[in-house]
Amino acid sequence: MTGMSYQNNSEKPAIALAGRVPVRVTNESGPIQIGDRVSVSSAPGVGKKAGGNEATIGIALESLTDSQGTILVFV
C-alpha cells in the first residue's frame, strides 16, 4: 500500500478525532456562521447548524455562504 493516502483509500477512510476538520455541510437548519454548533443532517456524512438540544460534532470555524459546501469545524 505504498504511496496511497487515506484520502484515496476506500478500505481505510480517514477519521478525525479532534482538531480542525473539513466537514461537508448544508444550510438545512439555516445559514452557518462562525461559532455555531454543527450537528448531523438528514443526509449521510453531511453536517448542519445544530438547534436546541441536538448533539454536536463541533464548532464552525467558517461560515457557509451557499446552500451546501465544506467548512472547517473544530472537533
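Start by selecting Leu-64: leaving out residues up to four places away in sequence, Leu-64 touches Val-25, Thr-26, Asn-27, Ile-32, Gly-69 and Ile-71. Keep in mind that you're looking at a predicted model.

Now widen the selection. Leu-64 belongs to the largest nonpolar core, a set of 9 residues. Which strand gives the most? That's β1, with 3 residues. As background, nonpolar side chains in soluble globular proteins tend to be buried together.

Next stop: Ser-39. You'll find Ser-39 in strand β2, which spans residues 37-40. Is Ser-39 buried or exposed? Its relative accessibility is 3%, and buried means under 20%, so Ser-39 counts as buried. Show the side chain and look for a polar atom 2.9 Å from the backbone oxygen of Ala-55. Then bring up the other neighbours: not counting residues up to four places away in sequence, Ser-39 touches Val-46, Gly-47, Lys-48, Ala-50, Glu-54, Ala-55, Thr-56 and Ile-57.

Last, click on Gly-45, in the loop between β2 and β3 (47-49). Gly-45 has a relative accessible area of 63%, and the cut-off for exposed is over 50%, so this glycine is exposed. Finish with a distance label from Gly-45 back to Val-25: the two are 20 residues apart along the chain, and their C-alpha atoms are separated by 8.6 Å.

Definitions and conventions
Residues are numbered from 1 along each chain as its sequence is written. This is a predicted model: local features need pLDDT of at least 70, side-chain atom pairs count only at pLDDT 80 or more; totals for chains, interfaces and linings use all residues. Side-chain values use heavy atoms; hydrogens and water are left out. A nonpolar core is a set of buried Ala, Val, Leu, Ile, Met, Phe, Trp, Tyr and Cys residues joined through side-chain atoms within 4.5 Å. Buried means under 20% relative accessible area, exposed over 50%, partly exposed in between (1.4 Å probe, protein chains only). Helices (H or I, at least four residues) and strands (E, at least two) are DSSP runs, numbered from the N terminus. Contact means heavy atoms within 4.5 Å. A polar contact is a pair of N or O atoms within 3.5 Å; within protein, one must be able to donate a hydrogen and the other to accept it, and residues adjacent in sequence count only if both atoms are side-chain atoms.
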